Amino acid sequence: MAEAEAEAAASGGGEGGAPHRLERKWSFWFDNPSKAKQGAGWGASLRKIYTFDTVEEFWSLHDQIFRPTKLSGNADFHCFKAGIEPKWEDPECANGGKWSVTCNRKQALDTMWLETLMALIGEQFEESEEICGVVVSVRQRQDKLALWTKSASNEAVQMSIGKKWKEIIECNDKIVYTFHDDSKRDKSSRGGVRYSV
Ligand code: MGP
């Protein structure tokens, strides 16, 4: 995954006319957490690929690169607000957590990812200030999506976001919310479920 590739993709979308500005800037990230690299520590292969703030850049980047079906093996794409790193250690994420949903069908994963991205960049969440970003993880076991938010202990806000997200991705199954703090403390249990909707 090279920045030049994203650069070319992002610049290929314009057909004249003023680009449509988004409410804020977003960044796409890529991670390729292979077993060998885990020895180098988590996040060693996590890279920010491209920051964008127009609808046109978004579509080019999504269509040409950032689609989960384009990923092979263990890999993650992240789309986070510019300035927030997709790590527990980032100050905006430090007191946060994530809603998670698993997915068994590749096509459904692509759709849920795209619907989530459109909701984020289109500022469809009432609590949009609470949102950090979204991660899609392609795994042999089971693919998954996670929506990261800022103040994990604010149950009312997180429940509202969780309900809205389920509507957006048209999910009828239960989804669960975990605190990053719990995941940090107890890596073996991978964090207990605090809320579900
Ligand atoms: P994960 O990716 O959140 O769990 O964390 P998952 O999705 O169940 O695992 P996967 O194997 O399917 O990827 C997995 C492990 O990665 C954690 O237990 C941590 O050791 C490490 N890790 C994950 N995240 C998101 C972070 C992070 O933000 N910071 C640090 N330091 N380690 C992390």
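Predicted model: local features only at pLDDT ≥ 70, side-chain atom pairs only at ≥ 80, totals over all residues.
Residues are numbered from 1 along each chain as its sequence is written, and side-chain values use heavy atoms, with hydrogens and water left out.

**Helix 3**
- In helix 3 (residues 55-64), the residues E57, F58, S60, L61 and H62 are buried, where buried means under 20% relative accessible area with a 1.4 Å probe, protein chains only.
- These buried residues pack against helix 1 (3-11), strand 1 (21-31), strand 2 (47-54) and helix 4 (106-121), helices being DSSP runs (H or I) of at least four residues and strands (E) of at least two, numbered from the N terminus; contact means heavy atoms within 4.5 Å.

**Strand 1 and its partners**
- Strand 1 is mostly covered, with 8 of its 11 residues buried.
- Strand 1 runs antiparallel to strand 2, joined by 6 bridges, and R21 has T54 of strand 2 as its bridge partner; two strands pair if DSSP finds at least two bridges between them.
- Strand 1 also pairs in the antiparallel sense with strand 3 (residues 75-81) over 6 bridges, and there the bridge partner of S27 is F80.

**Lining of the second largest pocket**
- Strand 4 (97-103) and helix 4 each supply at least two residues of this lining, and strand 4 gives the largest share, 4 residues.

Terms used
Buried < 20%, exposed > 50% of the residue type's maximum accessible area, 1.4 Å probe, protein only.
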